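Here is a walk through one protein model and its ligand. Keep the structure in view as you read.

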Amino acid sequence: MKKITIQTSTNQYDVTIGEGLRHQVLEYLPKQYSRIFIITDSNVAPLYLHDVINSINGASPVDYAVVPAGEASKSIQIYYDLMSDAIKAGLDRDSLIIALGGGMVGDLAGFVAATFMRGIDFIQMPTTILAHDSSVGGKVAINHDEGKNLIGCFYPPVAVIYDVETLHTLPFKEIRSGYAEIVKHSFIHESSFWSTISQVNLIEAINDTELVNHLLKGIEVKAQIVEQDEYESNIRQFLNFGHTLGHALESEIGYGEITHGEAVAIGMLFAFQVSEKLYEIKLPYEQLINWLKSNQYPLKIQEIATDKLVTRMKRDKKSKSQKITMVLLREVGKPLIEQLDDQTIHLWLGEFLQ
Ligand code: NAD
Ligand code: ZN
């Protein structure tokens with residue numbers, strides 16, 4: 001079992017990572033709660049919900065809600081339904097919400113916790129590799145038809161309990177999706193992290209020790225950034241490496257059709273190309289694309305108009321005054337934020353998508 005403490009100017013919480021932690025939830029609760037409300041999804045519930053309920057062992061009354069698996073559940077309707085469930089269950093300001101699932105559940109349940117009676121405690125129990133990223137840093141949100149995460153806020157959990165045993169049931173597609181965020185963390189951090197990840201073969205089962213090391217390193221990279229810039233006034237934007245195009249692809253292709261990590265993988269390739277062109281440098285583009293191909297990332301996008309993607313990229317939350325904001329790399333481990341002219345991006349994206 002390993003522990004990382006996240007310490008920002010306003011908050012502190014522990015991320016505990018280890019095997020079988022879902023059986024020991026009670027040990028990680030910071031206090032006694034009047035009620036506990038677990039929010040999970042329809043894939044995770046049959047696998048792990050009962051373990052978590054059993055581990056609370058009657059210490060507080062427990063209720064739960066199971067939302068349909070998939071990004072579509074990060075909606076205003078499901079949010080409203082969960083609020084109704086929480087009210088009916090009798091939650092009060094001394095109650096706790098547990099988000100048991102991947103990033104979708106974490107973002108949704110976190111937003112419910114942030115807004116229920118102006119905010120009650122919540123715990124993240126991530127069950128995907130991707131959620132090493134989403135469970136840390138306190139961003140919670142739901143989607144609007146016009147774009148991802150447009151309705152949300154900063155609301156840190158009181159604890160993150162990461163049981164890596166739950167990752168054993170992840171489908172390959174989700175392992176691949178989660179590793180894209182680890183790759184992202186490696187590129188914005190330092191070249192030795194990417195050197196390690198570039199040796200990983202996701203097709204062969206990764207052993208737990210190796211996986212935990214990668215997750216810990218990813219969380220550390222994120223923690224260091226979030227600790228310095230919790231509310232994303234500057235360097236936290238580095239975590240958006242690969243996301244400007246990634247988010248546009250997700251919205252344009254449809255959330256069920258492409259995973260977050262698959263979209264980010266393509267977004268990182270494009271960010272590499274833009275960096276190489278703009279700064280006239282050479283990045284390990286070939287190495288990245290070969291790694292993605294050998295791990296069967298889907299890199300071909302079927303007939304999407306460049307126009308539509310550019311419009312989406314302009315609408316990204318981070319973009320200012322019609323420019324497109326992208327995180328680029330001067331070299332591996334040296335990210336920077338650029339405001340780019342939409343016509344240049346249109347041209348380069350057109351070439352990239354060929
Ligand atoms: P997800 O939660 O939808 O999980 C992916 C799939 O895996 C789902 O079908 C889910 O039911 C299933 N699943 C989850 N755990 C499982 C397990 N242990 N065994 C078997 N199946 C399991 O998606 P995700 O990839 O974890 O996260 C993506 C979401 O995270 C997006 O909504 C994205 O916007 C968000 N995100 C948020 C942040 C943040 O800082 N808040 C950062 C990155 C991503
Ligand atoms: Zn992401």
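Start with the ligand. The shell around ligand 1 divides into 9 nonpolar, 14 polar and 8 charged residues. In this predicted model, 31 residues surround ligand 1. The closest are Asn43, Gly102, Gly103, Met104 and Ser134.

Which elements supply at least two residues each of the shell around ligand 1? They are H4, H5, S8 and helix H6 (172-189). H4 gives the most to this shell, with 4 residues. Both domain 1 (2-169) and domain 2 (172-353) give residues to the shell, so ligand 1 lies between them.

Now turn to the two domains. The domain assignment of the protein chain places residues 2-169 in domain 1 and residues 172-353 in domain 2. Taken over C-alpha atoms, the centres of domain 1 and domain 2 are separated by 26 Å. The domains also touch: 25 residues of domain 1 are in contact with 28 residues of domain 2. On the side of domain 1 that touches domain 2, strand S1 (2-7), strand S2 (12-18), helix H5 (131-134) and strand S8 (147-154) each supply at least two residues. S1 gives the most to that side, with 4 residues. By class, that side of domain 1 has 11 nonpolar, 10 polar and 4 charged residues.

Helix H3 covers residues 76-89, which is 14 residues. From its first C-alpha to its last, H3 reaches 20 Å, close to the 20 Å expected at 1.5 Å a residue. Which residues of H3 are buried? They are Tyr79, Leu82 and Ala86. These residues cover an arc of only 60° around the axis, which puts them on the same side of H3. The spacing fits a general rule. An α-helix has 3.6 residues a turn, so residues three or four places apart point the same way.

The other side of H3 has Gln77, Tyr80, Ser84, Ile87 and Lys88, which are exposed. The buried residues of H3 pack against strand S3 (36-41), strand S4 (62-67), helix H4 (103-115) and strand S7 (139-144). H4 is also the element that gives the most to the shell around ligand 1. Just after H3, Gly90 takes a positive phi of about 85°.

Tyr33 is found in the loop between helix H1 (25-28) and S3. Is Tyr33 buried or exposed? It has 23 C-beta neighbours inside 10 Å, so Tyr33 counts as buried. Leaving aside neighbours within four places in sequence, Tyr33 is in contact with Ser60, Asp94, Ser95 and Leu96. Thr325 is 292 residues from Tyr33 along the chain, and their C-alpha atoms are separated by 43 Å.

The buried residues of H8 are Leu211, Val212, His214, Leu215, Gly218, Ile219, Val221, Lys222, Ile225 and Val226. What do they pack against? Their partners are S1, S2, H5, H6 and helix H7 (191-197).

Two loop residues have a positive phi without being glycine. Glu232 has a phi near 55°. Glu232 sits in the loop between H8 and helix H9 (243-253). With 18 C-beta neighbours inside 10 Å, Glu232 counts as partly exposed. Glu280 has a phi near 50°. Its loop runs between helix H10 (260-279) and helix H11 (285-294). Glu280 has 7 C-beta neighbours inside 10 Å and therefore counts as exposed.

Finish at Leu353, in helix H13 (residues 342-353). Leu353 counts as partly exposed because it has 16 C-beta neighbours inside 10 Å. Not counting residues up to four places away in sequence, Leu353 touches Ile301 and Thr306. Ile304 lies 49 residues from Leu353 along the chain, with 8.7 Å between their C-alpha atoms.

How values were computed
Residues numbered from 1 in each chain as written. Chains lettered and ligands numbered in written order. Predicted model: local features only at pLDDT ≥ 70, side-chain atom pairs only at ≥ 80, totals over all residues. Domains from an automatic or database assignment. Contact = placed C-beta atoms within 7 Å. Nonpolar A, V, L, I, M, F, W, Y, C, P; charged D, E, K, R; others polar. Expected span 1.5 Å × (residues − 1). Buried ≥ 20, exposed ≤ 12 C-beta atoms within 10 Å, placed from the backbone. Arc of directions from axis to C-beta. Near = placed C-beta within 6 Å.
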